[in-house]
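Trainee: I have a model open and would like to go through it with you. Could you take me around it, one topic at a time?

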Amino acid sequence: MIRTPPNLKINLWSPLPPSSSGIADYVAESLPALARHVDLRLVADAPEAAPAWRERYPVFSPAAAPEADLELYHLGNSPPHGYVYRAACARPGVAVLHDWSLHHLVLRETVERGDVSAYLREMRRAHGETGTFVGRQIARALGGDLLPALFPLNDRVLEGSLAVVGLTEHVRSRAARRLPGRPVLHLPHHLSLPVDPPPSREDARRALGLPPDALLVTAPGLATASKRLDLVVRAVARLRPTHPALRLVVAGAADPALPLADWARAAGLGEAFTLTGRLSLEDFARHLCAADVVLSLRFPTHGEISGALVRALGVGRPALVTAGTPAAEEFPDGIVAPIDPGPREEEELVAVIGRLLDDTGLREEMGRLARGHVRAHHGLDETARRLAAFLEEVAARKEPLRDEILAERAAEGGLLGFLMEEVRWGARDLGLSRVPLGLEGLLGVLAPSRPRP
């Protein structure tokens with residue numbers, strides 16, 4: 001059977017490996033499957049830094065991006081996505097939101113470039129007077145980790161997008177409420193394993209040089225403050241007297257500002273603590289396979305879901321997640337174990353990890369349920385097919401969707417643009433976000449966008 005080449009031309013904007021962004025790996029994993037359905041062109045900030053990808057796909061700089069049927073923007077809450085954010089705000093396309101909040105990205109694009117006023121305008125635009133007040137504290141580095149998570153700055157991207165793709169139901173439902181009438185898709189984070197079929201626990205430990213008879217609690221990925229590792233270290237130390245074979249493995253590098261080694265030393269973990277440093281994807285997957293229990297805690301969250309969590313569930317390992325986050329809400333009961341991030345978080349960690357370590361059958365049953373669910377609902381080929389079908393639907397509605405966006409958009413910096421943003425915020429505050437406002441026609445008399453004859 002001769003296969004018809006895909007017709008839909010897609011410019012895919014995303015960092016590519018070896019970028020530090022985990023989204024670069026996500027995109028790289030999905031490219032072969034997606035390319036079977038659409039004609040892909042990649043847009044990278046520095047195409048010369050990704051020579052391996054230029055051998056397989058057309059890769060363009062942002063300034064040289066060709067005409068396409070649709071722009072597909074992969075957006076994450078980190079600096080490598082700055083050029084994607086700027087393009088998504090300027091040219092309507094399909095936004096794939098890997099994080100619901102883009103607050104840190106907007107901070108990088110404004111405050112860290114010396115433009116505090118632009119940041120405060122974004123905060124007022126999104127959150128009104130409260131946003132202005134909170135924004136001043138965050139701009140002075142007084143907001144800590146929690147305030148940026150509570151005030152997502154995604155409005156400009158949402159309002160300027162033809163359609164939105166969310167990797168969790170958490171993101172999809174919020175985008176749908178924010179954009180009534182626009183196409184919105186929940187696309188479950190795909191499962192991709194660089195070693196498939198995955199090795200057994202014993203084979204993985206042998207390949208990594210880990211003790212065959214240890215009880216391994218593994219925290220995968222870059223160690224940051226939001227992953228609650230200070231509490232994890234103390235919980236593991238408290239369990240060691242009753243579980244002397246217990247070891248904590250942090251499978252990845254650590255944020256240099258995180259005193260992880262000091263925490264482990266103070267808790268007396270000694271050789272029962274391992275920080276691997278950055279791993280190849282193959283060894284990263286082996287560490288998940290070698291684990292008895294996997295930790296995927298995150299608080300505060302910016303609406304993301306961890307690819308490492310999906311991989312851990314896909315190889316059949318029981319996982320602990322933070323209650324009330326997208327990772328906890330994304331899966332049916334019994335697939336993950338939620339831990340409340342409140343004042344008794346450490347006690348819950350001790351109780352739940354201890355219960356799992358004591359009951360091999362429970363660990364195996366949780367792992368079996370997790371593996372079955374993820375293999376059934378997060379397959380790479382199926383998610384690529386669903387995304388391609390969604391892009392076809394959006395392309396068929398592109399012109400009316402684009403006209404709707406442009407009708408509500410005015411040039412930034414002008415009086416009309418300022419008035420439109422003020423009225424739009426007030427309407428949202430009154431619960432009128434679903435009402436078409438026709439602002440340019442209403443306000444154009446007061447502040448015409450062009451000279452009237």
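Mentor: Let us begin with the largest pocket, which has a lining of 50 residues, and those nearest its centre are Ser 20, Gly 22, Leu 222, Lys 227 and Arg 298. Please keep in mind throughout that this is a predicted model.

Trainee: How much space lies in that largest pocket?

Mentor: The space in the largest pocket comes to about 1800 Å³.

Trainee: And which helices each supply at least two residues of its lining?

Mentor: Those are helix H1, residues 22-35, helix H12, residues 281-290, and helix H13, residues 307-314. The largest share of the lining comes from H1, which gives five residues.

Trainee: You mentioned H12 and H13. At what angle do H12 and H13 pack?

Mentor: The angle between them is about 55 degrees, and their axes are 9 Å apart. H12 and H13 are therefore oblique to each other, and the crossing in which H12 passes H13 is right-handed.

Trainee: Which residues of H12 and H13 meet there?

Mentor: From H12 there are Leu 281, Phe 284 and Leu 288, and these meet Ala 308, Arg 311 and Ala 312 in H13. Sorted by class, that contact of H12 with H13 consists of five nonpolar residues and one charged residue, with no polar ones.

Trainee: What does H13 do on the helix H16 side, and at what angle do they pack?

Mentor: H13 packs with helix H16, residues 360-377, at an angle of about 115 degrees, and the axes of the two helices are 7 Å apart. In this contact Val 310, Leu 313 and Gly 314 of H13 meet Ala 370, Arg 371, Val 374 and Arg 375 of H16. The residues of the contact of H13 with H16 are four nonpolar, one polar and two charged.

Trainee: Changing topic, how do helix H10 and helix H11 cross?

Mentor: H10, residues 229-239, and H11, residues 260-267, have axes that come within 9 Å and cross at roughly 25 degrees. That makes H10 roughly parallel to H11, and H10 passes H11 in a right-handed crossing. On the H10 side the contact is made by Leu 229, Asp 230, Val 233 and Ala 237, and on the H11 side by Leu 260, Trp 263, Ala 264 and Ala 267. Seven of the residues in the contact of H10 with H11 are nonpolar and one is charged, while none is polar.

Trainee: Now the backbone. Which residues does a cis peptide bond join?

Mentor: Pro 17 and Pro 18 are joined by a cis peptide bond with an omega of about 15 degrees, and Phe 299 and Pro 300 are joined by a cis peptide bond with an omega of about 0 degrees. As background, most peptide bonds are trans.

Trainee: Where are Pro 18 and Pro 300 found?

Mentor: Pro 18 sits in the loop between strand E1, residues 9-13, and H1, whereas Pro 300 belongs to the loop between strand E11, residues 293-296, and H13.

Trainee: What about phi at Ala 141?

Mentor: Ala 141 is not a glycine, yet its phi is positive, at about 65 degrees. Most residues other than glycine have a negative phi. Ala 141 lies in the loop between helix H5, residues 116-139, and helix H6, residues 146-150.

How values were computed. Residues are numbered from 1 along each chain as its sequence is written. This is a predicted model: local features need pLDDT of at least 70, side-chain atom pairs count only at pLDDT 80 or more; totals for chains, interfaces and linings use all residues. Side-chain values use heavy atoms; hydrogens and water are left out. On a 1 Å grid over the protein atoms alone, a cavity is a set of points where a 1.4 Å probe fits but cannot get out, and a pocket is an open set with protein on both sides within 12 Å along at least five of seven lines; lining residues have an atom within 4 Å of a point. Grid points are joined across faces, edges and corners, and a volume is the space filled by probe spheres set on the points. Helices (H or I, at least four residues) and strands (E, at least two) are DSSP runs, numbered from the N terminus. Axes are lines fitted to C-alpha atoms, for helices over the stretch in contact, and angles run from 0 to 180 degrees between N-to-C directions. Angles under 35 degrees count as roughly parallel, over 145 as roughly antiparallel, 65 to 115 as roughly perpendicular and the rest as oblique. A crossing is left-handed if the near helix is turned anticlockwise from the far one by less than a right angle, and right-handed if clockwise. Contact means heavy atoms within 4.5 Å. Ala, Val, Leu, Ile, Met, Phe, Trp, Tyr, Cys and Pro count as nonpolar, Asp, Glu, Lys and Arg as charged, and the others, Gly among them, as polar.
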